[in-house]
Each structure stands twice: as C-alpha cells, then as structure tokens.
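Take a look at the structure below. This report covers a few of its features in turn.

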Amino acid sequence: MSRRAIRKLTNVLALALSGVATAIGLFFLGAILWTLIRNGIAGMSTTLFTAMTPPPGSSGGLLNAIYGSVVMTLIGILIGGPIGMLAGTYLAEYGRAARISTLIRFVNDVLLSAPSIIIGLFVYELLVIRMGHFSAIAGAVALAIIAMPVTVRTTEDMLNLVPQGMKDASTAMGAYPWRTITSVIYPAARSGMLTGLLLAVARISGETAPLLFTALNNQFWSSNLAAPMANLPVVIFQFALSPYPNWQQLAWSGALLITLSILILSITARLVVSSLNAGGRN
Amino acid sequence: MNTVAAIDPHHAAGQRLRERVFRGATLAAALLVLLLLGGVAVTLLAGAWPAFAHFKFSFLTREIWNPVTDQFGALAPIYGTLVTSLLALLLAIPVSFGIAIFLTELAPVWLKRPVGVAIELLAAVPSIIYGIWGLFVLAPILQRHVQPWLIEVLGPLPVIGRLFQGPPFGIGVLTAGLVLAIMIIPFISAVTRDVFETVPDVLKESAYGLGATTWEVIWQVVVPYARTGMIGGIMLGLGRALGETMAVTFVIGNAHRIGSSLLAPGTTISASIANEFAEAVGDLYTSSLVALGALLFLITFSVIAIARLMLLRLDRKALSSV
C-alpha cells in the first residue's frame, strides 16, 4: 500500500471509531432509560402517589417518600440557594479582583466535585451526633451543602453576563453598589440565576449517599423535621436490594419518577441557558 | 435652583448602612465556602482520630476488617477504590476521546447540540440509578455472556490470566469499573470537547493547508495544544470515580478482601461507609469508618485540586458544563 493510502485509511478508521465511541455513549443512556421505563411503568398508578410505603408483601405507594424528598430538597435549596447567590455576588461584584476571590473560586470548584458521601459524614458528625438521632433537618443541611457550590458558580457566571454599561449607568446615577446589584444587576440576570437554582435542585434531588446517615429513612408518614424522614433515593436503595417483589416494583417506579424529574429539570435549565447565551452574543 | 433635590442626610446614612450590611453579607457567604472545606477537614480528622491513634500506621497496611474483634484495616477498601477507578479510566478515556472528536470535528452542526446534551445527561442521571441498572441489567449480562468468555480466553494466559480467574459472579470489581466508566464518560468528554474548541482555527487550517488528514490534524495539532486541559479533565473524572458511592455499592459485592481476580467481589472506601455506617456499633468501628472517609477526602481532594489547577488556565465559561 502506498503511504498515501495508509494515511487515508488511518483517517477513515480513526473517525469511524470516534463515531462508534459516540454511539456507545448514547447506547448506555438509551439502555438505562429503556430499563427504567420498561420496569417502572408497571407501577405507575395513582396509588403510587396516594399510599404510604408498605410492609413486605402488601400493596402501597411512595407518598411519604415523595413528600420527604420534596421537603428536604426544598429546605436544602432554601438554605443553600441564597447563601450561594450571596457568595456568587461577592465573587462577581465586590470581590471580583480581590486575591481571596481566586482562593474562594478554587475551593468552590473543589467542593463542586467533592464526593457527596463525605458531606454526609460531615453532617453526621456535625448534627446527628449532637442531636442524638437522625433527622430530616440534618438531611436538608447535607443537601444544602451540596447545592451551595452549584449556585455560587452559576450565580457568578450569570452576573458576569450583565453588560458593564448597565452597571456604570446605575453607578453614574449615584446608586450605591448594593442598589445597583439588587435593582439593576439581579433583575437583568434573573432567568440565569433561576436556571442555576434549577440545576442545583436537579443535582440534589437524586442524591442518596448524603441522606443515608443523616435523614435515614422512615417507614411511615412523618412531617417532623427533627425525626427521620422517608425519601425517594434511600427508599429506592432499600427496596431494590430487598427480596420482596412488591418492594422491588416500587423501587423501579421510584427510580423512573426521580430520573424523569431530573432529566426534565436539566433539559429545561439547558434550554434557558442556551437562549440566554444566544441573546448575550447578539 | 430647586430642581436639584437636596441630599437628605438621614437618607444617605441609611444608604451607607445598607451598603455595609449587604456587602458584609456577600463577603460572609463567600467566606463560608472556605469555612466549609476547613470544617469538613477538621471534623473528619477529629472523628477519625480514635481509629488512627489505636491502629497507628497499620490501619493503612492491614487487610483485616472484623467488627466482632474490633480489628480494622483499610487496605482492602483502598485497593478496591484505586483498582475500580483505574479500570474506569482505562475504559472511559478512549470512548470520551472519541466522543470529543466526533462532537468537535465530525458531527454536522445540527447534530452537535443534541448529541452533546444527550452525553451530558448521562451525568445528570443519579448514581443510584446506575446502581440498580448495573445490578439488575448489566451484571447478569456480564455473568452469562462476557465473564465466561474472559475466563476461558484470558484466564489461561500467563500474568494477566490471574486477573480473569475464578467463577463468574456477575457483580465484582470489573462490573464496578465498567459502571464507573459509563458514569465518568460525560465528565471527561465534556472537558475534552471544551478544550478542543479552544484550539485556534488558524493552527488547524495551517495543517490542513499542508495536506494533513483530519486525523493527523487532531493527533498532531489539536491534542498537543489541548494536552493540559485533557489531563485536567481525566483527573476530574478520576476524582468522580474515586468518590462515587451508590452505583459501586450495588455492584461491587461488598467483600473486605483483596482478590487477585477482577471478577471477584471487593469493596471500596465509599461502599464500605455507605453499607456499614448506619449500623456500626462501638466507637472504634464508627471511628474506623470515619477514618476511611478521611482517607477518601485526602485522596479525592488532592486529585480534584490538581485537576482544577490544570483547568484553571482555561476560560471558566467554556467549562460551565462541569
């Protein structure tokens, strides 16, 4: 074979392999979604949303687990979101050029990729031991700690997209920085910041490891924040590994439910971001 | 002269006060980020102290893990964590590299975004979902079709044959590595794609102008230019794999032993903690598990810190997907 033919062949082979690699990635996404739909759809009924988690062998739903997940995710985002937004505001506005901001950005990026089970251990040592028992509030704090770095990052990125001219105009009117930030910059960056919150909710609503030894689980309905609370991820974990068919079915349905919610949240967030970026460039 | 409003001193003082409060609040929130990392480090070390003080250095070198006799050593989980993560890297790097090439050089414009988003969604799927999928779908397939073949074909070979001996359990180190690989593909490929896109077009066009093929441009122009960023992305994926908990807990088999075969069940640091922590009784047992957590903290945080330092030079916005 001529040298030229070898080069062409290598090229075609390499590019074909890159197509195969992409197909492999897409195949796994499809395979996982297909498994969830096939196994989860059978349990999708109104009882899923109206009945409590059952004892082995009898029928039931996931109402207490869904409620617990929603409550802890909401409290988590209500704690982690505002703190993250304030910190992101410092990084983008007041401390944009400060030396400590470089360190904070770096530490925040590290926290962003930190293993969530470590956060669970931290909250266990911090709250569960002191309170003497597992509790929903400990679970919510663990989720807040995971949500915070996500919000810091997105808030800073979104505030940086606001045109400098708008800030200058407000400053020229005699506004103090806090006035400029709350009345000019936040409204301009509002949809971007909301997207950041959506991404943070998507990130924490499937987290299992940090809830295992903070919120633990609860077989029954509980709205007491100081007591253990049922939640979807831990219920899925326990029911999937159980030998009872009705528990396994509930685990699959819960898995389908949680994955669909998270995928919808992520896709919505991405659509908003891409429309924002397109608007910013024009 | 009355068209200019006189400055009300009370109003101005109020504005200054609010400015101080707001500025203080943002600074406090930003400092909380630092405090959090410090708090995690101090708390874990304090919780791990009894175990470290009792077992000293032997905690790191012993394989034994016996809650009944209160004898604990971290060697098996450390080994499992490192082997599953390296296996995951080995499988994920070529696939991620291929995906990045496809997305930057090959895909038509209309296909780039949907395919890119689909790959990123792999990262949004919660790890517990990978766990049940790995246990109920992947493990049986591996047990029935892949592992017998590995045992038969690779088992008799010298040296590497030892990695593929024993019965096909389905679950085990190999399965955990494979699931981890799928989970870190989106991270590595997203970073690699983003650094590929930072390569100036002029460089690529010069190579094309000299008659280079697409592959030659990628291998001899794009890759050398993007090397640091690619390694950063790989380290980021490694950090994810090392700390990944739920998916591994489902498929690794949870055996505190070091098997020479990749097909044998094992355990990782995070899987041990997830499985045993809530039920651990006794101070030494609990402390040993926290000590495992402290080790994991040390390992992952150094890996992630190195990764972030390597990626620091890149435009932050280009990496917003991770």
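## A ring pair within chain B

W219(B) counts as partly exposed, because its relative accessibility is 48%, and the range for that class runs between 20% and 50%. The model is a predicted one.

F97(B) is a partner of W219(B) in an aromatic pair. The ring centres are 6.1 Å apart. The planes meet at 70 degrees, so the pair is edge-to-face. This pair links distant parts of the chain. F97(B) sits in helix 3 of chain B, and W219(B) sits in helix 8 of chain B. They are 122 residues apart. Is F97(B) buried or exposed? F97(B) is buried, with a relative accessible area of 17%.

## Other aromatic rings

How many aromatic pairs are there over all chains? The count is 20. One of them joins Y124(A) and F277(B), edge-to-face, at 4.6 Å centre to centre and 85 degrees between the planes. This pair crosses between chains. Y124(A) belongs to helix 5 (residues 116-131) of chain A. F277(B) lies in the loop between helix 10 and helix 11 of chain B. Both Y124(A) and F277(B) are buried.

Chain B also has a ring cluster. Ring pairs link F52(B), F55(B), F59(B), W65(B), F72(B) and Y285(B).

## Where the chains meet

Now for the interface. On chain B, 83 residues are in contact with 80 residues of chain A. Together the two chains bury about 7700 Å², and 79% of that is on carbon and sulfur atoms.

There are 10 residue pairs in polar contact across the interface. Several helices of chain B supply at least two residues each to the side that touches chain A, among them helix 3 (75-106) and helix 8 (214-243). Helix 1 of chain B gives the most, with 23 residues. By class, this side of chain B has 56 nonpolar, 16 polar and 11 charged residues. The count of salt bridges between chain B and chain A is two. One of these residue pairs is E120(B) with R270(A), a salt bridge whose closest N and O atoms are 2.2 Å apart.

## Two buried residues

R193(B) lies in helix 6 (residues 173-197) of chain B. R193(B) has a relative accessible area of 14%, so it is buried. The C-alpha atoms of R193(B) and A51(B) are separated by 44 Å. Along the chain, these residues are 142 residues apart.

Where is S242(A)? S242(A) is in the loop between helix 11 (232-240) and helix 12 (245-281) of chain A. S242(A) counts as buried, at 7% relative accessibility. Leaving aside neighbours within four places in sequence, S242(A) is in contact with W247(A) and Q248(A).

Conventions:
Residues are numbered from 1 along each chain as its sequence is written. Chains are lettered from A and ligands numbered from 1 in the order in which they are written. This is a predicted model: local features need pLDDT of at least 70, side-chain atom pairs count only at pLDDT 80 or more; totals for chains, interfaces and linings use all residues. Side-chain values use heavy atoms; hydrogens and water are left out. Contact means heavy atoms within 4.5 Å. Buried area is the accessible area (1.4 Å probe) that two parts lose on being put together, summed over both. A salt bridge is a side-chain nitrogen of Lys or Arg within 4 Å of a carboxyl oxygen of Asp or Glu. A polar contact is a pair of N or O atoms within 3.5 Å; within protein, one must be able to donate a hydrogen and the other to accept it, and residues adjacent in sequence count only if both atoms are side-chain atoms. Helices (H or I, at least four residues) and strands (E, at least two) are DSSP runs, numbered from the N terminus. Ala, Val, Leu, Ile, Met, Phe, Trp, Tyr, Cys and Pro count as nonpolar, Asp, Glu, Lys and Arg as charged, and the others, Gly among them, as polar. Buried means under 20% relative accessible area, exposed over 50%, partly exposed in between (1.4 Å probe, protein chains only). Rings of Phe, Tyr and Trp (its six-membered ring) pair if their centres lie within 6.5 Å; planes under 30 degrees apart count as stacked, over 60 as edge-to-face and the rest as tilted.
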